[in-house]
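Dear colleague,

Please find below the structure that I am handing over to you, with its sequence. A short account of the findings follows it.

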Amino acid sequence: MPNDIIKGMGFGHMAIGATDFDKSLAFYQALGCKLYTQWGEGDKRIALLDIGDGNKLELFARPAMVHTEDGPFIHLAFAVQNVDEAYRHALSVGATPDKPPMELPLDSHPLKITLRVAFVKGPDGESLEFCKQIISKF
């Protein structure tokens, strides 16, 4: 059912950290996840994988990361129609500002994308992202 407060909100992606990026990338690809696009190098590598139904898993290289009992969770992203409105609404209902709305051009390949993103912290300090893909070029 549609969200009546933040129009068009849906699942964007789940971001996790990988202490061995290549091993994790190979694992998720072996599960059938397909590489959507990737960017960065070395310890700054990020891959966006389609898990099979159009939803995405964002894999971050984090070689020095020490996992807590909660595992490698980095942030939960919501796809929205209007990032700025979603950000303002989240703040109005008690979220803590983290990163205000901005355009984020990615040096990604094979798919070149630019995102409009904003981040807030939820009640327990969890990182929440509001995102909208604004440009796609092949």
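The side chains of Asp84 and Arg116 meet in a salt bridge at 3.0 Å, N to O; the term denotes a side-chain nitrogen of Lys or Arg within 4 Å of a carboxyl oxygen of Asp or Glu. This pair links distant parts of the chain, with Asp84 in helix H2 (residues 83-92) and Arg116 in strand E7 (residues 112-121), 32 residues apart. Helices (H or I, at least four residues) and strands (E, at least two) are DSSP runs, numbered from the N terminus. Asp84 is partly exposed at 23% relative accessibility, and Arg116 is partly exposed at 22%. Here buried means under 20% relative accessible area, exposed means over 50%, and partly exposed lies in between (1.4 Å probe, protein chains only).

Please note that this is a predicted model, in which local features need pLDDT of at least 70 and side-chain atom pairs count only at pLDDT 80 or more, while totals for chains, interfaces and linings use all residues. Residues are numbered from 1 along each chain as its sequence is written, and side-chain values use heavy atoms, with hydrogens and water left out.

A search of the whole structure finds 3 salt bridges. One of them joins Arg45 to Asp22, with the closest N and O atoms 2.7 Å apart. Arg45 lies in the loop between strand E2 (34-39) and E3, whereas Asp22 belongs to helix H1, 23 residues away. Both partners are partly exposed, Arg45 with a relative accessible area of 22% and Asp22 with 47%. In the pair formed by Asp107 and Lys112, the closest N and O atoms are 3.3 Å apart. Asp107 is exposed at 61% relative accessibility, and Lys112 is partly exposed at 37%.

Helix H1 (residues 21-30) has Phe21, Ser24 and Leu25 as its buried residues. Seen down the axis of H1, they fall within an arc of 100° and therefore line one face of the helix; the arc is that of the directions from the helix axis to the C-beta atoms. Their cover includes E1, strand E3 (46-50) and E4, contact being heavy atoms within 4.5 Å. Lys23 and Ala30, on the other side of H1, are exposed. Just after the helix, Gly32 adopts a positive phi of about 105°.

Strand E1 (residues 10-18) runs antiparallel to strand E5 (residues 73-79), joined to it by 6 bridges; two strands pair if DSSP finds at least two bridges between them. Gly10 has Ala79 as its bridge partner in E5. E1 also pairs in the parallel sense with strand E4 (residues 56-61), over 6 bridges, and Ala15 stands opposite Glu58 in E4.
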